[in-house]
Amino acid sequence: MLKVFWAFVKKEWYHIIRDKRTLLILFGMPIAQVLLFGFAISTEFKGARIDVLDQARDDTSQQLIAHLQSSGHFELNRLLTSEDEMESGFKEGSTKLVVVIPENFGANLYSGQPVDIQFVADGSDPNNANTLVQYATTMLNEFQKDQSASTENPFQIQVENRMLYNPQLDSAYTFVPGTIALILLIVCAMLTSLTIAREKELGTMEILLVSPLPPLLIILGKVAPYALLAFLDAILILVLGNFVFKVPVLGSVTLLLFCCLLYVVVGLSLGTLISTRSSSQQQAMMASLMGLMMPSLILSGFIFPLSSMPGVLELIGQIIPATYFIEILKGVMLRGVGLRFVYHEILILLIMVLVLLLLTWKNFKVRLQ
Amino acid sequence: MSAITINNISKSYGDVLALNRVSFNVAKGELFGLIGPDGAGKSTLFRILTTLLLADEGEGYVVGHHVVNEYKEIRKKVGYMPGRFSLYQDLSVEENLSFFATIFGTTIQENYDLVKDIYVQLEPFRTRPAGKLSGGMKQKLALCCALIHRPEVLFLDEPTTGVDAVSRVEFWDMLQKLKQKGIAILVSTPYMDEATRCDCIALIQKGGILSINSPQQLIDDFRRPLFAIKTSATYRMLKALRNANFTASALPFGENIHLITTSKMTPKEVKEHLDELNIPVEEVTAITATIEDVFLELSTLKEPIKE
């Protein structure tokens, strides 16, 4: 029996290494995805061009403008002379933010009068506008703090932010766990469902069924190589994340790999379940793309936080394995927590495995119909 | 004990009746042909016998095992070659064969004597991917893979479809040799000319068996006067013949028309009748029937051909 299993694994191995597309998905995709997420999707920015409408034209306003540019995040584009000019920069696309400094800025600031600084941003690009306004506000607060220190104003509330576990608010910290969850799902669920569906499509499943092989062995023999490759992919992404983007693994590596293994089993049982329900590769592909990839990308809390979604979507998010796996990864990798803090998620994944295996068992056919 | 026994097997897909109360028997070491056009239900019957499909009605036994209750036993003892080429295209000839040997718990060496005659022809292409073989070679490899575990019954579903004429003859020669080794073979084909190479054939049409007998007996039983008519105006001749009172059936057959008359006639008499119709006739000869004539005759009897 073991010999048969090895023959199966060997055959599957030949399929994988002789198919360039599979190889590309296996190794090209994780690398490309990590690098793309890492370099292209970044919330940081540098040298955003701003316009300033300086109605005060005093020393303090000059200091503020200089201060805004000091961090390198902002770069002065134009000094406006009237309110009518404010919109033109947005329309041309030459500016992202307009800062309006009111008259008597310096005098009012030092005498404790209310001062209204206005930020005008381009709302057609809400994410960007938000980030710019946030940065500018932070810099303005800093400026005020500096100025008031010199005038000794005692009535101040100081806010100090500290981002625990990710002090730089580095986006790599969220996409490395997210990418691991996605890639493992693609390799385990999509590729295995495709390879089983291919046997059906090419008619080889007919021959395999008309042989003394127990169905369980057919499935195990087919998924085993993918389990191993998925595992390698997980390690590849962790290493890439660590060396290229400095994403740490603070918790126990053993626990982390155990959770990866558990998630791999979830993915494989999803893949085999899909393959029992689809008779062609195209069907399997559609089912795994629409039924697994899309929800896992959007509803798992990878990109958008789950808690801010409407009820139904949140509910769907809660039955997606990736949701829990990403939680575990973030906990173990970034917060360095142990089993005690993630056992809840692990338990849910275990239950999912049991349910999925049961469904696969029920759906597997020893005949063609 | 016979190799295959089936009793009144019926199967339908929705409203379409694919098999209608089919029964026959295949003895050990017999080469049994299932002859009929595409869509006659041949593949469905193969899948029922190889335990891949469940029949709606009727019973089937393969090497004494019930096709539904004892499907696991049957799967150990039969070799199956589906209608479509179903080997791993990206695996080489050798890899395919050794994979199938292993999953049946044997090795190529152990049963080499059985496949030797076929495998020597494949030997030069040992390392070539199966997908890059010619049609004839593919079928030989598929036969090797179905044989490698020394099955008691071999199911070959249209093994010669899409194969060149020379390879077809070779393929049938191989089946004769296998038969001598005591393997029962159920083979289906849409080519009527291959029927004579079987020990026994079942003519099948629209899911129903028309007749079961040895090919020679089927031909001998055909006692109706049969003529081949050669003409340059086939269509006009066919139309005229079908309206003539001496015609039992007239069917196009290659470049000729095969005519069955209602009463005994000589070719000369037929020619005279035809001349009266005023259609050019080149030649009229009395011929012995082929399996195709038998098939057409039987299928027209069951279902009159309309104009």
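The model is predicted: local features require pLDDT of at least 70, side-chain atom pairs count only at pLDDT 80 or more, and totals for chains, interfaces and linings use all residues. Residues are numbered from 1 along each chain as its sequence is written, chains are lettered from A and ligands numbered from 1 in the order in which they are written, and side-chain values use heavy atoms, with hydrogens and water left out. Chain A and chain B bury about 2700 Å² between them, where buried area is the accessible area (1.4 Å probe) that two parts lose on being put together, summed over both. Over all chains, the salt-bridge count comes to 23, a salt bridge being a side-chain nitrogen of Lys or Arg within 4 Å of a carboxyl oxygen of Asp or Glu.

**Interface of chain A and chain B**

- Chain A contributes 26 residues and chain B 30 residues to the contact, with contact defined as heavy atoms within 4.5 Å.
- Of the area buried between the chains, 63% lies on carbon and sulfur atoms.
- In chain A, the residues that lose the most area to chain B are Ile207(A), Val210(A) and Arg367(A), which together account for 26% of what that side buries.
- There are 13 residue pairs in polar contact between the two chains, both residues being at pLDDT 80 or more; a polar contact is a pair of N or O atoms within 3.5 Å, where within protein one must be able to donate a hydrogen and the other to accept it, and residues adjacent in sequence count only if both atoms are side-chain atoms.
- On the side of chain A that touches chain B, at least two residues each come from α1 (2-18), α7 (172-202) and α8 (204-209) of chain A; helices (H or I, at least four residues) and strands (E, at least two) are DSSP runs, numbered from the N terminus.
- The largest share of that side, 8 residues, is supplied by α1(A).
- By class, the side of chain A that touches chain B has 13 nonpolar, 5 polar and 8 charged residues; Ala, Val, Leu, Ile, Met, Phe, Trp, Tyr, Cys and Pro count as nonpolar, Asp, Glu, Lys and Arg as charged, and the others, Gly among them, as polar.
- The interface holds 2 salt bridges, and Arg18(A) and Glu95(B) meet in a salt bridge at 2.8 Å, N to O.

**Nonpolar core and buried residues**

- The largest nonpolar core has 169 residues, and Phe24(B), Leu143(B), Phe155(B) and Leu175(B) touch the most other members; such a core is a set of buried Ala, Val, Leu, Ile, Met, Phe, Trp, Tyr and Cys residues joined through side-chain atoms within 4.5 Å.
- Buried here means under 20% relative accessible area, exposed over 50%, and partly exposed in between (1.4 Å probe, protein chains only).
- Beyond its neighbours within four places in sequence, Leu143(B) has contacts that include Met81(B), Ile118(B), Phe171(B) and Leu175(B).
- In helix α8 (residues 234-243) of chain B, the buried residues are Met237(B), Leu238(B), Ala240(B) and Leu241(B), and their cover includes β11 (226-231), β12 (247-253) and α9 (267-276) of chain B.
- Leu53(B), in the loop between α1 (42-49) and β4 (57-62) of chain B, is buried because its relative accessible area is 6%.

**Salt bridges within the chains**

- Lys222(A) and Glu12(A) form a salt bridge at 2.8 Å, N to O, which links helix α9 (residues 215-245) and helix α1 of chain A across 210 residues.
- Lys222(A) counts as buried at 1% relative accessibility, and Glu12(A) likewise at 0%.
- Arg197(B) and Asp173(B) pair at 2.7 Å, N to O; Arg197(B) is partly exposed at 25%, and Asp173(B) is partly exposed at 36%.
- Asp199(B) and Lys179(B) meet at 3.0 Å, N to O; Asp199(B) lies in the loop between β8 and β9 of chain B, and Lys179(B) in helix α6 of chain B.
- Asp199(B) is partly exposed at 29%, whereas Lys179(B) is buried at 18%.
- Salt bridges with shared partners join Lys11(A), Glu12(A), Glu199(A) and Lys222(A) into one network.

**Positive phi in residues other than glycine**

- Asn104(A) has a positive phi of about 55 degrees; Asn104(A) lies in the loop between β3 (97-101) and α5 (105-111) of chain A.
- Asn8(B), in strand β1 (residues 4-13) of chain B, has a positive phi near 50 degrees and is partly exposed at 32% relative accessibility.
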